Amino acid sequence: MTETAHIATAQTPSGWIRHGAVTWHDYFTFNTDHKVIGIQYLVTTFIFFLIGGLLAMLIRYELFTPAPEFNPETYNVLFTIHGSIMIFLWVIPALAGFGNYLVPLMIGANDMAFPRLNAASYWLLLIGGLTIIAGFLFGQANSGWTAYPPLSLRAPTGQTFWIIGVIIIGTSSMLGAINFLVTIALMRAPGLAPGRLPLFCWAIVATSLLVVCATPVLTAALIMLLLERMGGMMFFQPMPNGEGGDPVMWQHLFWFYSHPAVYVMILPAMGIVSEVLPVFSRKPVFGYKAIAGSSLAIALFGLLVWGHHMFTTGLSPWLLVSFMASSMVIGVPTGIKIFNWLGTIWGGKVELRTPMLFAMGFVAMFVIGGLSGITLGAVPVDIHVHDTYYVVAHLHYVLFGGSVFALYAGLYFWFPKITGRMYFERLGKIHFWLNFIGFNLTFFPMHWLGLQGMPRRVAEYDPQFQAVNMLASLGAFLLGISVLPFLVNALLSWAWGKKASDNPWRALTLEWQTTSPPPIHNFSAPPVVEHGPYDYGMGVLPHGEKAPPVAAPAPASD
Amino acid sequence: MLGAITAIIVLIGGLGVSLAVGFYILDRELRHTLRPPQPAVTPAVVTHRVAGPGAAIFALVTLFVGILVGQYVRLMPLEASSRAGQVDLLFNTMLGIAATIFLLVEGILVFSAFRFRRQKGEEGDGLPIHGSNRLEFAWTVIPALIVLWLGAYSFQIFAQMSTIPSDAMTVEVVSRQFQWEFRYPDFDITSNDLYLPQDKPIQLKITSADVIHSFWVPAFRVKQDAVPMHETETFFTANVSGKYRVVCAELCGAGHARMGLISYAIVQSQTEFDAWVAEQQAAAGQPGDPVALFAKYGCNACHTLAAANATGLVGPNLDNIGTNAGTRVSGMSAEDYIRESILNPNTFIAPQCPTGPCASPSVMPPDLGARIPESHLDTLVSFLLEQK
């Protein structure tokens, strides 16, 4: 903590670098306050989410009828940029945004370990994102977010922008991960033993380890692809005489990062859910060690399963079998989390506020994605459904039903802390139900489409699939509309919402033990941790409460 | 479609039945275990009492529904190969297990949302239960055993699929943007549709001339990537006669979707297949029907041409090419322009494609000159000249 202790008020440490937000324009500066950076991340990524969502609306408009509406190249651009934005510019960095805002508060520190590095990682993200978008001016990338060569070698100039953009975003992600690891390792408040660390922080630790291990491999592969496109080198393009490169090598390198990226997108989301469920169940989290440990187990196994994206490329059968085994085993720690969350809710005093609805929605939807994931791990079934709408359904149940539901849960849950104002509860509930119904209408039917024979990434399809595609498109339009109540709610309540107290949810983690929003140095006095983060029902008084509301039962011996 | 409707009805019905039964029993159970206020009850006792007969009956009901789902819900298309039945059995086994777990999780979640709802004005906390080693052990070991068993079962089916049959007929598959070409080395013929004799083991040797494609026949449950300059293989026996779509499953460019709509796997009796082979051998070397040639060389995937029943949208519309070709380059005859455009697609880029300006460089295969016999080229050029 000593590194940042000197920063106590809004100031400019060196000329153009600012710290803390006094007025709104401080949010548009190179600012080293983790809370400003967290908000910069969340707002920027949400704007990218809206752009990616509009592209998704165009995709579903195209698929409303079997005949093509757009130029097929244009359609390929739509899903390429939709996938790239949603993964690289929304889910991964939005979760990092929560990490930025929350980790120092949750561990009782007054900033991240490396505040300037932290600001740099945000601005790199923005530059990387704009680089990808700039590709539209030069013929946008159209070879999918997976950018398999040789197709990506033949793509227009926008593909080069895409490669450079993703390299920049990956660098931003690595800088953030190192910062999180050092911060959590060295800057915890007195009394915050590892066994008292909030589960969100454990999830950030597991995620950061994955990012540090896997992202450099993607960066290396992208640089190879860039050199091949621009420098005439030959890593991936095979030649008739047996010389040249190997396109399958790209798939190994790409998925060595991009499968772990799936866990980078889900582990912090699981962390958010692990924070929300105990608060609105008024019960300790069930199996703290099991949830924290399973995050680490998922991170470890996550590095060993990339080959399940390549079951049809002609890998050796023994490789297929090993990847099948590791892919199925990773279902076990995931299941452990789900059962422990059910254990947390069970017997609690459940209050269905909007964050709780989204967190329970996460459990309900993620389990579907997890179960279809097991079927995809089985080689004989995967061979049939690989690269079909079954996979599209699966990945959206994990990334939308999972990660995005959790992001919404987090946005509502910490909205009072971040903005100092309460959101409108009824509008939040309307948002949840529209979102929940729209989501299931869109993606549940896609399982059937894939099993029946509809490949993914197609602008036209067999007319026998029209009715189900229409259903999915109508669901998608509903899902698109469901963002409106959220936007209205967020903007109106940020400006005019009821003032929030320090601890409106009566929670026990440290971020609720300071004002809403927290002061620039986070805590008026350095916090000392004397209880676990989820010791509900044990007579611990939530911050801001004067007397126990009812006679608390005698604290149980643990 | 019918399968999907059945699936939804069974799932929703199953959810309803299992929830109704489960709720009734669980709630009765809970009235005994969680009767408030009960300061005397220690957490350990509560955990064990909750997992009592009520939970067991709820689990049995979900298991029963899961078995029904696995047994009767059909989501897969027609089974037309020897491996399809096994793959579907594996899938339905997993579907049944998944349905059980799905019902258990959703049931407990929905149940908790109602049964444990905080009452208005209630301020207290729930019981401080921090976990249960017994439960952690159960929900680690039981899922681990299930996935290990599923892995072993999948491996067994995979091993059978990967066994090379002794008397297999070889067909070479060459994929390119945007066309399938099936070569029969035993008979020295090629085709755009995959003709197969019924019940004959087939070995496919698959490659690509340009980017990565993926050969997929949903009815056979067979999929194998086509990697340029590399040969992959797959084995199967088509055992139900009929006409099934050949689909490209790997994104391969602008014509990717169309590549899944232009070719078929046609399974016939051995006699019909032999007759088809003889007919193809007789036709080899003939100038050929222009419409058939237009498909044979893959023109139909990208170009619209009413006279050839082609509706491709990637490249320029050819309906009036006989007129337009003469106007594109001053001093060049329509015939020369067409011939040059077929042999060297990047010499001239047509101004307008159906949904926007044409892409440059063109995605049209540059190697057509090496593959097309002179007689076929002449037939195609004169056919295109007639399109006015």
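Predicted model: local features only at pLDDT ≥ 70, side-chain atom pairs only at ≥ 80, totals over all residues.
**Helix α6, chain A.** I looked up α6 (residues 199-230) of chain A first: 32 residues, reaching 45 Å from first C-alpha to last, close to the 46 Å expected at 1.5 Å a residue. That expected span is 1.5 Å times one less than the number of residues. Helices here are DSSP runs of H or I with at least four residues, strands are E runs of at least two, and both are numbered from the N terminus.

Residues are numbered from 1 along each chain as its sequence is written, with chains lettered from A and ligands numbered from 1 in the order written.

Back on α6(A), I found a kink of about 30° at A214(A), shortly before the proline P216(A). The bend is the angle between axes fitted to the seven residues ending there and the seven starting there. After α6(A) comes G232(A), with a positive phi near 70°.

**Sheet, chain B.** I traced five strands in an open, mixed sheet, ordered β3-β2-β1-β5-β8 (chain B); strands pair if DSSP finds at least two bridges between them. β3 (189-191) and β8 (232-237) of chain B are the edges with a single partner strand each, so one side of each has no neighbour in the sheet.

I then checked β1 (residues 169-176) and β2 (residues 179-184) of chain B: they run antiparallel, joined by five bridges. R176(B) sits opposite Q179(B) in β2(B).
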